[in-house]
Amino acid sequence: MNSLTFQIQTENPEFSTTKNTTIGNDLQVLLVGLNHKTAPLSIREQFAFRDDDISVLIPTFLECAQEVSVLSTCNRTEIYCVTENVENSAKFIISCLKTHSQDSSNEVDGYLYTKIGSDAALHLFKVAAGLDSFIIGETEILGQVRDALSSSCNYGGMKNSLSGLFNRAIRAGRRVRNETNIARNPLSVSSAGVQLAQKLLGPLQDMSVLLVGAGDAGQLVARSLKSAGVSKIIISNRTYGKAEELAKILDGVAIEFSEIGSYLRSCNILISATDARDFIIGHQVIDSVFSERTEDLFIFDLAMPRDVDPVLSELKNIHLFNMDDLSDIAQDNLDLRKQSSSKAELVITQELTKFTEWWATLDTASLVQALRKESDNIRERELLKTLRKLPGLDDESRKVLETLTHSIVNALLHNPTEYLKKNSSTDDIVIFKKLFQIEDGPES
């Protein structure tokens, strides 16, 4: 999978969406995405975006929206934006995604979902809390939401509105973890992969495990293996230093990436969790291995996109599992956490109410800002006219006159702006815009 390039189609695809739920502002939150509930692994991996992809995506999507953030994890890819034109923005984003996937049959349409306004905000709150995860209550997602916020800021996609949404979602996620049992003894995709290995093979203490990948996911796998009692962990990574560092922490053995084939000749289990764009384990590696071994090899591919060529599952001695094979573990985890889910939903409802109240103030705050700016422009213009008529005025007198004009403007605006901040309705805002000729809406 190469770095992203987008050639936007001239005719945008049609799309269906949930009912537009306005949350009190001319600007709307729009979400376009797919996840483990709507799309199989073969589709999700087409949209597994890394940071260098996101650096291209955000400027591209800013062509159709005021603010943009991209949340891409092993089980979801979601684009959040703030826009004045939901329909056009959604069409543009979907067109970009379809172009990237080279989908000429409109197949991707069936996997995508769109949410608007408070529906989009509620979805992000549930995502941050781990309630929409493949493994309910998993903790990695909260950090991934933070990373999406950070990368959007770095690439110019984040301003006040979207920043407020993400920060409040992170707050909701923290509260759910602190105030409920949803994250007690949490699972992750990585630890679920190890659980699946235990379920299939029994105790792992005497197993030899080759772990490929020493990034965040690989580290989680390694710790889960250690907790499961595995004594022989062999770790490989493209950057040998990272493999060596992790091996020291876990009393494992670090090997060069080029040595993977040699160690596969004797290990019982291969777990791969890298961020490579293409397959790193294919026939070339496996064929050389099975010329010298006859025992079964259990492979757990926990990468997104996948590290292991799926055609290897057709080989007699290969037992290949990927993230979609973790469904039984995920269901067991869900059953354990159902009791905590209702309390978590209550926390999210509380946080969503606070968010919608804050969002409703954005229009008022922008209007007050625009009103004061326009009033100050008038003050400066009229003051300049007066000063031209008083050429002999000394500097001290000029300062007194300028202070006087500031005081008059502030006094005139005090009651109207206080009313807007505390009591204004949508009708009031419309009237104020007409009265003060702010017809195009406040500046963002």
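I count two strands as paired if DSSP finds at least two bridges between them. Helices (H or I, at least four residues) and strands (E, at least two) are DSSP runs, numbered from the N terminus.

This is a predicted model: local features need pLDDT of at least 70, side-chain atom pairs count only at pLDDT 80 or more, and totals for chains, interfaces and linings use all residues. Residues are numbered from 1 along each chain as its sequence is written, and side-chain values use heavy atoms, with hydrogens and water left out.

**Entry 1: the chain.** I noted 14 helices and 10 strands. Buried means under 20% relative accessible area, exposed over 50%, and partly exposed in between (1.4 Å probe, protein chains only). Of the 444 residues, 50% are buried. I then looked at contacts, meaning heavy atoms within 4.5 Å. Among contacts with a separation of 6 or more, 75% are between residues 24 or more positions apart. The chain exposes about 21,500 Å², and carbon and sulfur atoms supply 47% of that. The areas come from the Shrake-Rupley method with a 1.4 Å probe; for residues, only the protein chains shown count as cover.

**Entry 2: strand β3.** I looked up which strands pair with β3. Strand β1 (residues 28-35) pairs with β3 in the antiparallel sense over eight bridges. β2 and β3 make a hairpin, with two residues between them.

Why is β3 largely enclosed by the rest of the structure? Eight of the eight residues of β3 (residues 76-83) are buried, so the strand is largely enclosed. In a regular strand, side chains alternate between the two faces of the sheet. I checked both faces of β3, and both are covered. R76, E78, Y80 and V82 are buried on one side, and T77, I79, C81 and T83 on the other.

**Entry 3: the parallel sheet.** I traced an open sheet of six strands, in the order β7-β6-β5-β8-β9-β10, with parallel pairing. Its edge strands are β7 (253-255) and β10 (318-322), each pairing on one side only. Neighbouring strands are turned by 20 degrees against each other on average, direction ignored. Axes are lines fitted to C-alpha atoms, for helices over the stretch in contact, and angles run from 0 to 180 degrees between N-to-C directions.

Helix α8 (residues 216-227) packs on this sheet, touching β5 (208-212), β6 (232-236) and β8. Its direction makes about 165 degrees with that of β5. Helix α9 (residues 240-250) also packs on the sheet, where it touches β6 and β7. Its angle to β7 is about 170 degrees.

I followed F298 across the sheet. F298 in β9 is the bridge partner of I269, and F298 also stands opposite H319 in β10. Five bridges join β9 to β10. Four of the five residues of β10 are buried.

**Entry 4: the largest pocket.** Which residues are the closest to its centre? Of the 49 lining residues, they are S72, Q144, D216, A217 and D275. Lining residues have an atom within 4 Å of a point of the pocket. α5 (140-154) is among the elements that supply at least two lining residues, and α5 gives the most, with seven.

Technical notes
1 Å grid on protein atoms, 1.4 Å probe; cavity = no way out; pocket = protein on both sides within 12 Å on 5 of 7 lines; lining within 4 Å.
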